[in-house]
Every structure is written in structure tokens, then in C-alpha cells.
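Reader: Please take one part of this model and describe it closely, setting it within the whole chain and stating the cut-offs behind each term as it comes up.

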Amino acid sequence: MGNRCPDCNKFVSLDVAEPEAEQPEVNGDDVSVDVRVVQICAECNGEIKEWNATLEEVLNDEATIHKEENPDDDKHVIEAEWQQDPEVEDFYRPREEPKPNKKGVIKPVPLRFQTHYYKVSGAIDLSCSCGKSLGSIQVESEIESSSFDDLT
Ligand SMILES: [Zn+2]
Ligand SMILES: [Zn+2]
């Protein structure tokens with residue numbers, strides 16, 4: 001779709017590579033983690049576009065309560081770790097919500113009136129340095145495909 005790959009010099013379609021995820025960090029009541037998502041040349045795997053996403057979520061109740069029960073105690077430091085590698089998916093969403101016609105029927109929106117998005121998401125396990133496990137949280141972020149940064 002109009003992407004010329006500088007490596008193989010062809011007009012190519014793009015695939016998305018496995019996301020490159022940093023380790024999650026706990027800062028106060030927040031967990032944040034950087035994930036790099038790259039669209040690659042379907043022919044030669046050359047990198048064409050990237051998205052450096054920062055996924056953020058607040059701690060769950062379990063971790064918040066455990067923190068509150070053990071204030072200013074350096075034996076209780078909340079830690080976060082990926083449950084499994086985050087996943088990338090892409091999808092289309094209508095630019096405007098489809099409205100029912102006169103008969104009350106909502107017709108599917110044609111693709112040309114929809115926007116292409118990418119979403120990265122995953123589950124993060126929370127635990128305390130005292131050994132207590134504190135459940136998990138879900139993190140995600142999405143952008144329009146056109147908002148990826150060009151690498152070419
Ligand atoms: Zn290529
Ligand atoms: Zn603890």
C-alpha cells in the first residue's frame with residue numbers, strides 16, 4: 001500500500017514484528033512500561049515504521065492495600081513483571097458511530113470510512129518483595145496506524 005522498502009527497494013505490504021517490551025516499572029501508585037512496535041517489510045523484514053508506546057496503569061486494589069498496610073517499610077516494595085509477552089493487534093473503527101437508517105437498521109460502515117488502529121496489550125503480575133503475590137493488572141495502548149513514525 002504505497003510503502004517502498006529502502007532495503008529491498010520494492011513496494012511492499014507491511015507486517016508487524018513481535019513487540020519489544022521493556023520491564024515494567026512501579027512508580028508510586030502507577031505501573032508503566034515501554035513497548036516498541038515495528039511495522040516491517042513483508043518481503044525482507046526491514047524496519048519501516050515504529051511506535052514507541054508507553055503503557056500505564058494504576059496499581060490494583062490488592063497492591064494498594066498491601067502498600068497501605070506496610071507504609072514506609074523497605075521490606076515491602078511492589079514489583080511488576082510481564083505475565084507473558086504483550087500482544088499487538090490491528091483493527092478498524094468507524095470514524096463516526098453508525099446511525100440506524102429509517103427502518104432502524106444499522107448497516108456496517110464501509111472500510112473507507114473507518115480508521116486503522118494498532119493496539120498493544122498485556123497482563124502484568126504484581127508482587128511484593130516480601131514474597132506476597134498481589135494479582136495482576138491489564139495494560140494497553142492504541143494509536144492510529146498513520147501515527148507510526150517513519151524509519152525510512
Ligand atoms: Zn524489504
Ligand atoms: Zn509485602
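Author: A residue is called buried if 20 or more other C-beta atoms lie within 10 Å of its own, exposed if 12 or fewer do, and partly exposed in between, with the C-beta atoms placed from the backbone. The model is a predicted one, in which local features need pLDDT of at least 70 and side-chain atom pairs count only at pLDDT 80 or more, whereas totals for chains, interfaces and linings use all residues. Residues are numbered from 1 along each chain as its sequence is written, and chains are lettered from A and ligands numbered from 1 in the order in which they are written.

Helices (H or I, at least four residues) and strands (E, at least two) are DSSP runs numbered from the N terminus, and the chain has one helix and 12 strands. Their order from the N terminus is β-β-β-β-β-β-β-α-β-β-β-β-β. The chain is more spread out than a compact globule, because its radius of gyration is 21 Å, well over the 15 Å that the globule rule gives for 152 residues; the radius is taken over C-alpha atoms, and the rule is 2.2 Å times the number of residues to the power 0.38. The C-alpha trace spans about 55 × 55 × 20 Å along its principal axes, and 21% of the 152 residues are buried.

Strand β3 (residues 14-16) runs antiparallel to β6 and is joined to it by three bridges, with Leu14 standing opposite Cys41. Strand β4 (residues 20-21) is also antiparallel to β6, over two bridges, and here Glu20 has Arg36 as its bridge partner. Strand β5 (residues 25-27) pairs with β6 in the antiparallel sense over three bridges, Val26 being placed opposite Val31. These two strands, β5 and β6, form a hairpin with two residues between them, and Gly28 in the turn has a positive phi of about 65°.

The hairpin of β6 and β7 has five residues between the strands. Asn45, in the loop between them, has a phi near 65°, a positive value in a residue other than glycine, and it counts as partly exposed, with 14 C-beta neighbours inside 10 Å. Asn9, in the loop between β1 (3-4) and β2 (11-12), likewise has a positive phi near 65°, but Asn9 is exposed, with 11 other C-beta atoms within 10 Å.

Two residues are in contact if their C-beta atoms, placed from the backbone, lie within 7 Å; beyond its neighbours within four places in sequence, Val37 is in contact with Val16, Pro19, Glu50, Trp51, Ala53, Val88, Tyr118 and Val120.

Leaving aside neighbours within four places in sequence, Leu59 is in contact with Asp29, Val31, Thr64, Ile78 and Leu126. Leu59 and Ser136 are 77 residues apart in sequence, yet their C-alpha atoms are 8.7 Å apart in space.

In helix α1 (residues 61-69) the buried residues are Ala63, His66 and Lys67. They line one face of the helix, since seen down its axis they fall within an arc of 100°, the arc being that of the directions from the helix axis to the C-beta atoms. These buried residues pack against β8 (78-82), β10 and β11 (133-144), while Asp61, Ile65, Glu68 and Glu69 are exposed on the other side.

Technical notes. Two strands pair if DSSP finds at least two bridges between them.
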